[in-house]
Amino acid sequence: MSKSLLIAWKDLTLAFRDIGGLLLMLLAPFALTIGIGLVTGRFSGDANTGLSDIPVVIVNQDEGTIGETIVAIFTSSDLAALLDPTTLADAGAARAAIDADEAAAAVIVPAGFSEAVFTAAEAAPQIEVVLNPERPVSAGVVQAIVEDVLSRVEVGRVGGQVAIEQLLQTGRITPDQAGAIGQAFGEQQASTAGGTITVRRVDVSGRAAEAFDVLTVIAPGFALMFLMFTVTNAGRTIVQERLAGTLPRLLVAPIGAGQVLGGKLVGIFLIGVAQVAILIVANGLLFSVNWGDPLAVALLVLASAAGAAGWGALLAALAQSPAQIGGLGSALMLIFGILGGSFGNVLTLPAWLMPAAWITPNYWGIQGFAALGTGAGLAEIAPHLGALLAMAVALFGVAIVTFRRRGLV
Amino acid sequence: MDNILEARELRKTYGENEAVKGVSFEIKTGEIFSLLGPNGAGKTTTISMLSGLIAPTGGDAVIAGHSIVSDSLRVRERIGVVPQEIALYDDLTARENLTFWGQMYGLGGARLSARIAAVLEQIGLSDRANERVKTYSGGMKRRVNIGVGLLHEPQLLFMDEPTVGIDPQSRRAILDTVKALNALGMAVLYTTHYMEEAAELSNRVGIIDHGRMIALGTQRELAQQIGGRETLSLHISDDQNSSALADVVRALPGVDQASAMDHTVSVIVASAAEALAPVVGAASAHGFRIKGVEVAEPDLESVFLHLTGRALRD
Ligand SMILES: Nc1ncnc2c1ncn2[C@@H]1O[C@H](COP(=O)(O)OP(=O)(O)OP(=O)(O)O)[C@@H](O)[C@H]1O
Ligand SMILES: [Mg+2]
């Protein structure tokens, strides 16, 4: 192993032997996650299962394609882990099941729904989604799925109608044919919608927020907030080692000064990775948080730690004393926590403050985790990864130049 | 090669302050060389330049054939450094500290394990090697601090005031370790402001003061510098001002230098037999009560006193 990595590994070992540090690195974010989870009702109702096996009742009285599509989606193998569907024939029985708290939501597709939609009937019947108020998160998921299907149908229907009207006006089809063509068009749209449907919301605002696990925002939020503590604390060891004489001792060993600095900086990153990884895995195991695509999650953990580590390195390069880093680090932790949305609050920022959020690892990390938690893939969090890596490169660059210019390492 | 180290006109300035003002000396292969000087003399600054921690403002030194200015890495591979302040990781055990520092010196595998075992034996900590350093006494930490410098079996070991602030027993152990290492062929550059340590350990001594090497040689050569003079030590009672007595005595004919430390006044005189009566008489005349007088052969302390008019420790 290279000497730089050995230095980084030594720092990681020391970080995990510092009880006080561990309390802030691991216990504090975890405790706050539990606290907020309790406040938001994450642990009541849906608590024991998290977001899996949501009981949902489907009543399909429609004879057309949309009803079939909805049933097919709710019973598809893609959603088998998430949903526990039951089909009933009677709408009254479905409502009773909700009242009895036997299901999180009931989806009732009324008779003639498809036909009304495809022929653009005036008084179209409505799909009814009955939500169980005891299970807001699960019910929100069901509602989101239904809305997703319908929005796809709607897009197809509008597109189809424009085309049909053009055909009519140019006399290529008769009004009699229009209805049949419209229906065929709509059915095709509805069935393709079924193939691509996913349950996800990357947006955390408003009602949609209920449609995903609040912990996919809260847990990374606090993990990233205390990640700022971790990286500044790790950065502080550079200044501490200088005072304690171990840094000068490293510099008189047969190692380049650049390797020593490199080792210390990699150490900051490694400790950050360890902290976030532990918190993500622990939340996943204990609270059944579904973080999404494991590869993307792993990359996001690495990128978040890198971005934050850049800040830790910069503080260490600028600071005059360990106490100063401690103070600045705590301030940065809170400011970035608020700006970056660690309190689940990013969208409450006034618009003019948003650019300030972009300089925080918290913002990109939290947005990324939330997206992954609701089904986004690697490609969709590429901007988040990119922003965090750019942050890391820029900050580490400035830090290294500053260290060198001050003759510190 | 005869000399493991040759320093030529080493200089270091910090802004206006010239901490080391052109120091030259050599250390012969396998000898113990002491750099003796009071606080702020420039000992640490000199060692820092020699070990590559800071760049000299001027001059150069060649260690084991390599220039500290142009070939620092080669130099650092060949020297061991024991810093003045304990530089260890408190939350690692002694063994973990030795492992880490051994790796930094490029050791690994079986050789590293063997060296760690040998060093632990040498510093007498084999049985407590797996305890965290923070649980150790000051003396034990000092021994680990030294052990780190020995892992890669350097040809030349720098020890910067390794006995400062520790109990007499640990100090004894450290001095014995230095002698044992030297017996194995390791050259040692030892800095101290305790002349007894320099006297006990050194083949040769350099006396440094205010950044200048003011005397250099074997102890016998240094003693000759003060030209057959002798030292009187006057012990006075606790309630009396020893520096006032030094001032009185210094003015007497036949007295070369006088300096006060604690309740003792050291007086360098051309002849103890001739000076004793006037010195004691003048002391009584000024109201000092002498509790005892010793006549001593010149030692390093008297050399320093003779050259600077001050005691090594003030
Ligand atoms: N980094 C520095 N910046 C400015 N001045 C310094 C620096 N390091 C040392 N000095 C000054 O250089 C002079 C020599 O200091 P040095 O530490 O080498 O003395 P020393 O002989 O090791 O003393 P001690 O016995 O107290 O350890 C002192 O006047 C000190 O104040
Ligand atoms: Mg010193």
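Mentor: Let's start with Gln240(B), which touches His263(B), Gly287(B), Phe288(B) and Arg289(B), once residues up to four places away in sequence are set aside. Touching, or contact, means heavy atoms within 4.5 Å. Keep in mind that this is a predicted model, where local features need pLDDT of at least 70, side-chain atom pairs count only at pLDDT 80 or more, and totals for chains, interfaces and linings use all residues. As for bookkeeping, residues are numbered from 1 along each chain as its sequence is written, chains are lettered from A and ligands numbered from 1 in the order in which they are written, and side-chain values use heavy atoms, with hydrogens and water left out.

Back to our residue. You'll find Gln240(B) in the loop between strand S11 (230–236) and helix H9 (242–250) of chain B. Those labels are DSSP runs numbered from the N terminus: helices are H or I with at least four residues, strands are E with at least two. With a relative accessible area of 18%, Gln240(B) is buried (buried is under 20% relative accessible area, exposed is over 50%, and partly exposed is in between, with a 1.4 Å probe and protein chains only). A polar atom of the Gln240(B) side chain sits 2.9 Å from the backbone nitrogen of Arg289(B), and Arg289(B) is also one of the residues that Gln240(B) touches.

Now hop over to strand S9 of chain B, which holds Arg204(B). This arginine counts as buried too, at 9% relative accessibility. Its side chain makes a polar contact of 3.0 Å with the side chain of Glu31(B). A polar contact is a pair of N or O atoms within 3.5 Å; within protein, one must be able to donate a hydrogen and the other to accept it, and residues adjacent in sequence count only if both atoms are side-chain atoms. Beyond its neighbours within four places in sequence, Arg204(B) is in contact with a whole set of residues, including Glu26(B), Ile27(B), Lys28(B), Gly217(B) and Thr218(B).

Asp209(B) has a salt bridge with Arg310(B), and their closest N and O atoms are 2.4 Å apart. The two partners link distant parts of the chain, 101 residues apart: Asp209(B) is in strand S9 (residues 204–209), Arg310(B) in the segment after helix H11 (300–308) of chain B. To count as a salt bridge, a side-chain nitrogen of Lys or Arg must be within 4 Å of a carboxyl oxygen of Asp or Glu. Asp209(B) is buried at 8% relative accessibility, whereas Arg310(B), at 25%, is partly exposed.

Here's another pair: Arg132(B) and Asp91(B) meet in a salt bridge, 3.9 Å from N to O. Arg132(B) is in the loop between helix H4 (109–122) and helix H5 (138–150), and Asp91(B) in the loop between strand S6 (79–82) and helix H3 (94–104) of chain B, so the pair ties together parts that are 41 residues apart in sequence. Arg132(B) is partly exposed at 30%. Glu131(B) pairs with Arg128(B) in a salt bridge of 2.7 Å, N to O. Both are partly exposed: Glu131(B) has 30% relative accessibility and Arg128(B) has 28%. Over all chains, the structure holds 24 salt bridges.

Finally, the ligand. Around ligand 1 there are 13 residues, and Gly40(B), Lys43(B), Thr44(B), Thr45(B) and Glu161(B) come nearest (a residue is near if one of its heavy atoms lies within 4 Å). By class, this shell has four nonpolar, seven polar and two charged residues. Helix H1(B) gives the most to the shell, three residues. Strand S2 (17–28) and helix H1 (43–50) of chain B each supply at least two. Oxygen atoms of ligand 1 lie 2.8 Å from a polar backbone atom of Gly40(B) and 2.8 Å from one of Lys43(B), while a polar side-chain atom of Thr44(B) is 2.7 Å from a ligand oxygen. Taken alone, ligand 1 exposes 630 Å², and the protein buries 62% of that (areas come from the Shrake-Rupley method with a 1.4 Å probe; for residues, only the protein chains shown count as cover).

How values were computed: Ala, Val, Leu, Ile, Met, Phe, Trp, Tyr, Cys and Pro count as nonpolar, Asp, Glu, Lys and Arg as charged, and the others, Gly among them, as polar.
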